[in-house]
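Please keep the viewer open as you read.

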Amino acid sequence: MTTWIILGRTTLPAIPKSVGEARRFAAAVLGGGEHTATAQLLISEACTNSVKHSDSRHGGSFNITLYDCGGCLRCEVIDAGAATTPTRRNGTELRDHGHGLVLIEALAARSGYDTDSSGRLTTWFELT
């Protein structure tokens, strides 16, 4: 069994400016390592979803935790959840938003989401 080591954890208000703070947090924790740029992009997408779509956007917050999982970097973004679960948009029409889950699925080795009995949502991804 692999032991997960917490590299860093922070809680931010679910407001738009926190997305940039989340990217800076990842850069500081990861120190410019090989996964830093990809992690920052995917964290930005996951946090944007929390800010725009979760119940946290009503004055709440979201948590970010980065783990060393022995050969991979795991990121978890936890928010208050919502009435719906994350859904990947389908279709071929051009648009300038709505690609967050597509990017996460395309660039992460593994990704997904989990909910708990209170409705909190954990969006996670792993980079190898």
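## Overall layout

Please bear in mind that this is a predicted model. The protein chain holds three helices and five strands, and from the N terminus on they follow the order β-α-α-β-β-α-β-β.

Of its 128 residues, 38% count as buried. The chain exposes about 7,200 Å², with carbon and sulfur atoms supplying 51% of that area. If you take the contacts between residues at least 6 apart in sequence, 62% of them join residues at least 24 apart.

## The sheet

The five strands make an open sheet in the order S1-S2-S3-S5-S4, with antiparallel pairing. At the edges are strand S1 (5-13) and strand S4 (110-115), each of which pairs on one side only. On average, neighbouring strands here are turned by 15 degrees against each other, direction ignored.

Let's go through some of the pairs. S1 and S2 are joined in the antiparallel sense by eight bridges, and proline 13 stands opposite serine 61 in S2. S2 and S3 are also antiparallel, with six bridges; here tyrosine 67 faces arginine 74 in S3. Their hairpin has four residues between the strands, and in it glycine 70 takes a positive phi near 65 degrees. S4 and strand S5 (residues 121-127) run antiparallel, joined by six bridges, and aspartate 114 stands opposite threonine 122 in S5.

## Helices on the sheet

Helix H1 (residues 17-30) lies across S1, strand S2 (61-68) and strand S3 (73-79), and runs at about 160 degrees to S1. H2 packs on the sheet as well, where it touches S2, S3 and S5, and its direction makes about 170 degrees with that of S5.

The buried residues of H2 are Thr36, Ala39, Leu42, Ile43, Ser44, Glu45, Ala46, Cys47, Ser50 and Val51. In general, an α-helix has 3.6 residues a turn, so residues three or four places apart point the same way.

## The nonpolar core

Which residues of the largest nonpolar core touch the most other members? Among its 24 residues, they are Ile43, Cys47, Phe62, Ile64, Leu66 and Phe125. Two or more residues come from each of H1, H2, S2, S3, helix H3 (100-107) and S5, and H2 gives the most, with six.

Leaving aside residues up to four places away in sequence, it touches Val19, Ala22, Phe62, Ile64 and Val77.

## A closer look at leucine 30

Leucine 30 belongs to helix H1. Is leucine 30 buried or exposed? Its relative accessible area is 19%, and the cut-off for buried is under 20%, so leucine 30 counts as buried.

Leaving aside residues up to four places away in sequence, leucine 30 touches Leu7, Thr36, Ala39, Leu66 and Leu73. Leucine 30 and leucine 7 are 23 residues apart in sequence, while their C-alpha atoms are 8.1 Å apart in space.

Methods. Residues are numbered from 1 along each chain as its sequence is written. This is a predicted model: local features need pLDDT of at least 70, side-chain atom pairs count only at pLDDT 80 or more; totals for chains, interfaces and linings use all residues. Side-chain values use heavy atoms; hydrogens and water are left out. Buried means under 20% relative accessible area, exposed over 50%, partly exposed in between (1.4 Å probe, protein chains only). Contact means heavy atoms within 4.5 Å. Accessible areas come from the Shrake-Rupley method with a 1.4 Å probe; for residues, only the protein chains shown count as cover. Two strands pair if DSSP finds at least two bridges between them. Axes are lines fitted to C-alpha atoms, for helices over the stretch in contact, and angles run from 0 to 180 degrees between N-to-C directions. A nonpolar core is a set of buried Ala, Val, Leu, Ile, Met, Phe, Trp, Tyr and Cys residues joined through side-chain atoms within 4.5 Å.
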